[in-house]
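I opened my notebook to get to know a structure that was new to me. These are my entries, in the order I looked things up.

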Amino acid sequence: MRYRNTNGYTLIELVVVMVLIGIMVSLTIPRFRDAMLTDELKKTTREMVGLIRNLRNEAVRNQKAYVLHFDLESGLYWIDSTDMSEEERVFAREKASSLPGGVRVQDVWHKGKGKKMTGESTILFNKKGYVQQSAIHLISEDDREFTLVLSPFIGEVKVIDRYVEFQDT
């Protein structure tokens, strides 16, 4: 009588398990990649937060005021400083960056001035690093919204993954 060892897995069982794992991975990785790498709204939000933090730091380091401009109709934004000549400001405007397709600035709110939905809106960063208390509302083609809240004294940018309405008090 031969004793047969029944512990372990057969080659067929291992192949079936590997095929099932492969199918699950092939279905989930593209969705994960698309959600993390190609979400233009999240990418734009991260870039804006970085730009705002950088502007505040540059203002303190260079001891000069900077202005972040938004053209709300065209989706352009650019930076100039208060010590630039008029010609330099025009050049900065001509070299404006554009928001990626499918993302736009819905409006910009400033404490004491209210919400601006059309035209040009500006945010001033003074040489001590203070910024106007304001909020930038970004929206995507699929109507997802982010609110970037700029704190005047601490230089923090709070990101909220919905539209937040502010009241002037």
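**Entry 1: around F70.** I started with the contacts of F70, where contact means heavy atoms within 4.5 Å. Leaving out residues up to four places away in sequence, F70 touches M48, L76, Y77, V105, V108, G119, E120, S121, I123 and I136. Before going on I noted that this is a predicted model, in which local features need pLDDT of at least 70 and side-chain atom pairs count only at pLDDT 80 or more, while totals for chains, interfaces and linings use all residues. Residues are numbered from 1 along each chain as its sequence is written, and side-chain values use heavy atoms, with hydrogens and water left out.

Is F70 buried or exposed? I use buried for under 20% relative accessible area, exposed for over 50%, and partly exposed for in between (1.4 Å probe, protein chains only). F70 has 1% relative accessibility, so it counts as buried.

**Entry 2: aromatic pairs.** Next I looked for rings that pair. The rule takes rings of Phe, Tyr and Trp (its six-membered ring) with centres within 6.5 Å; planes under 30 degrees apart are stacked, over 60 edge-to-face, and the rest tilted. By this rule I get 3 aromatic pairs. One of them is F70 with Y77: the centres are 6.5 Å apart and the planes stand at 40°, so I wrote it down as tilted. Y77 counts as buried because its relative accessibility is 15%.

Another pair is Y130 with F153, which is edge-to-face, at 5.2 Å centre to centre and 80° between the planes. Where do Y130 and F153 sit in the chain? Y130 is in the loop between β6 (120–125) and β7 (134–140), and F153 is in the loop between β8 (145–150) and β9 (157–160). They are 23 residues apart, so I marked this pair as a link between distant parts of the chain. For the element names, helices (H or I, at least four residues) and strands (E, at least two) are DSSP runs, numbered from the N terminus. Y130 is partly exposed, with a relative accessible area of 36%, whereas F153 is exposed at 58%.

**Entry 3: the core.** Which residues touch the most other members of the largest nonpolar core? A nonpolar core here is a set of buried Ala, Val, Leu, Ile, Met, Phe, Trp, Tyr and Cys residues joined through side-chain atoms within 4.5 Å. The largest one has 25 residues, and M48, L68, F70, V105, I123, F125 and I136 touch the most other members. Two or more residues each come from α2 (40–62), β1 (66–71), β4 (103–110), β6, β7 and β8. Helix α2 gives the most, with 7 residues.

**Entry 4: T44.** T44 counts as buried, because its relative accessibility is 2%. Setting aside neighbours within four places in sequence, I found T44 in contact with L99, P100, V103 and L138.

Entry 5: Then I turned to strands, which pair if DSSP finds at least two bridges between them. β1 and β2 (residues 76–81) run antiparallel and are joined by 6 bridges. V67 has D80 in β2 as its bridge partner. The two strands form a hairpin with 4 residues between them, and G75 in the turn has a positive phi of about 75°. β2 also pairs with β3 (residues 97–98), antiparallel over 2 bridges, and L76 stands opposite S98 there.

**Entry 6: the five-stranded sheet.** What is the strand order of the open sheet? I read β5-β4-β7-β8-β9, with antiparallel pairing. β5 (114–116) and β9 are the edge strands, each pairing on one side only.

β8 got a closer look. With 5 of its 6 residues buried, β8 is largely enclosed by the rest of the structure. β7 pairs with β8 over 6 bridges, and A135 has V149 as its partner in β8. D143 takes a positive phi near 65° in the β7 and β8 hairpin, which has 4 residues between the strands.

On to β9: β8 pairs with it over 4 bridges. L148 is partnered with V159, and V149 with K158. This hairpin has 6 residues between its strands, and G155 in the turn has a positive phi of about 70°.
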